[in-house]
Amino acid sequence: MSLNINSLVIHGGIDGDERTGAVNVPIYQTSTFKQDGIGKNRGWEYSRTGNPTRAALEKLVADLEQGEYGLAFASGLAAITTVLALFKSGDKIIVSDNIYGGTFRVLDKVFKNFGIEYESVNTSDAELVASRLTDEVKAVYIESPANPLLTITDIAEVSGIAHGKGKLVIVDNTFLTPYLQRPLTLGADIVLHSGTKYLGGHSDVVSGFAIVNDAKIADRLYFLQNAMGGVLGPQDSYLMIRGIKTLGVRMDRHVKNAQQVAEWLESNEAVAKVYYPGLKTAEGYEVNRKQADAAGAMISFELKADYDARRFFEELHLITLAESLGGVESLVCHPASMTHAAIPKEIRDAVGITDGLIRLSVGIEDVRDIISDLDQAILRARI
Ligand SMILES: *Cc1c(COP(=O)(O)O)cnc(C)c1O
């Protein structure tokens, strides 16, 4: 029976425990498994290679992304690192010019040392992407909406162009989750997640995922997952399964709150600029509407010059200043000094990640409380 996503989040993957009838997948807190004889195991050998709790979660995220194969990792960056290990010295990867700071850092400070090059390109411009697909380029790496400026890339268009030249397309789908956008159905080859964010949803687990359809890429990724070892443990796998059960209801509220907050910010005269792809005035509004079911709940904005952004952060009461996003609680951060500090200032300024930029992860609290906290902090930040 094929289920809709609001049922899949609860019943997808491996539903419960066949042996005992337990409604929840048990936590198999074990590192190894008894073998009945040499070469005779019961499907499990060692928990780096495979663990039943992790396997249930892996199948679940694959089902949600409408993919064949899912792999769970100890963090989003462990998933990203394992996927980047598909490439070899001399290969080049085209990446969106505003991406998660940690992704930029691992490309720039780690993989470059192994001879894997990258080039930052505005992937919203499909013609520009097409012009950069030289022979050494093996993949295009996209975030849409991108972190932190929420720029939108047309995933189907870029996938068409990239596939025409034999390149892979990798999409980090952390900001929208499969509840709102399914990149594999738009043509992407590999979907990545920081499960730490909306999938987990409660700011209590660090995890990451890769999901693919192609059996050959999946085989290589399973090999790398075991060979490199950045796997998710059974306790955290259980917490992820538990978090994902409420993904639908959480995302519905996140999106509803974010739309109201974005519209409120846009009409506030203290605010110079609002970035949210759900605003009709946003550059990527139409493309996002075409490829996603909603615009998510991440908003970035800048206050006008006569407001002190530093003061604004200090005056917030309900909204917490912290790294991360996607939890039930509203969080705010200063990308230039926090999540994107690894990106050199010249690049940050050129892309628009200014020192005055504020990034807001809209939680699922009562939206009136979120707006009144923003309102009083903005008033107090006036110079
Ligand atoms: C947080 C994040 C990551 C990294 O994930 P971790 O779980 O922190 O390792 C990657 N991509 C995006 C878009 C993120 O927000």
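Author: Start with helix 3 and helix 8: Thr81, Thr82 and Val83 in helix 3 meet Leu221, Leu224, Gln225 and Met228 in helix 8. To meet here is to be in contact (heavy atoms within 4.5 Å). Helices (H or I, at least four residues) and strands (E, at least two) are DSSP runs, numbered from the N terminus. The model is predicted: local features need pLDDT of at least 70 and side-chain atom pairs count only at pLDDT 80 or more, while totals for chains, interfaces and linings use all residues. Residues are numbered from 1 along each chain as its sequence is written, and side-chain values use heavy atoms, leaving out hydrogens and water.

Now the geometry. Two packed helices are described by the angle between their axes and the distance between the axes. Helix 3 covers residues 76–84, and helix 8 covers residues 215–228. Their axes lie 9 Å apart, at an angle of about 120 degrees. The crossing of helix 3 past helix 8 is right-handed.

Compare a second pair. Helix 2 (residues 52–64) and helix 9 (residues 234–244) cross at roughly 35 degrees. Their axes come within 8 Å. Helix 2 passes helix 9 in a left-handed crossing. On the helix 2 side, the residues in contact include Leu57, Leu60, Val61 and Leu64. Among their partners in helix 9 are Pro234, Tyr238, Ile241 and Ile244.

Next, the cores. A nonpolar core is a set of buried Ala, Val, Leu, Ile, Met, Phe, Trp, Tyr and Cys residues joined through side-chain atoms within 4.5 Å. Buried means under 20% relative accessible area, exposed over 50%, partly exposed in between (1.4 Å probe, protein chains only). The largest core holds 69 residues, and Val261 and Phe312 touch the most other members. Helix 10 (residues 247–266) gives this core its largest share, eight residues. Domain 1 and domain 2 each supply at least three. Look at Phe312. Beyond its neighbours within four places in sequence, Phe312 is in contact with Phe301, Leu303, Val332, Ile358, Leu374, Ala377, Ile378 and Ala381. A separate second core has 30 residues, including Leu84, Phe111, Ala210 and Ala218.

Step back to the whole chain. The domain assignment, automatic or from a database, gives domain 1 (5–244) and domain 2 (248–380). Their C-alpha centres lie 26 Å apart. The contact between them takes 37 residues from domain 1 and 41 residues from domain 2.

Finish in the loops. One runs between strand 4 (137–143) and helix 6 (155–164), and Pro145 sits there. Ser144 and Pro145 are joined by a cis peptide bond, with omega about 0 degrees. Pro148 is in that loop too. The bond from Asn147 to Pro148 is also cis, with omega near 10 degrees. Leu150 belongs to this loop as well. Leu150 is not a glycine, yet its phi is positive, about 60 degrees. Leu150 is buried, with a relative accessible area of 6%.

Ser324 lies elsewhere, in the loop between strand 10 (320–321) and strand 11 (331–333). Ser324 has a positive phi near 85 degrees. At 25% relative accessibility, Ser324 is partly exposed.

Note on methods: Axes fitted to C-alpha atoms, helices over the stretch in contact; angles between N-to-C directions. Left-handed = near helix turned anticlockwise from the far one by under 90°.
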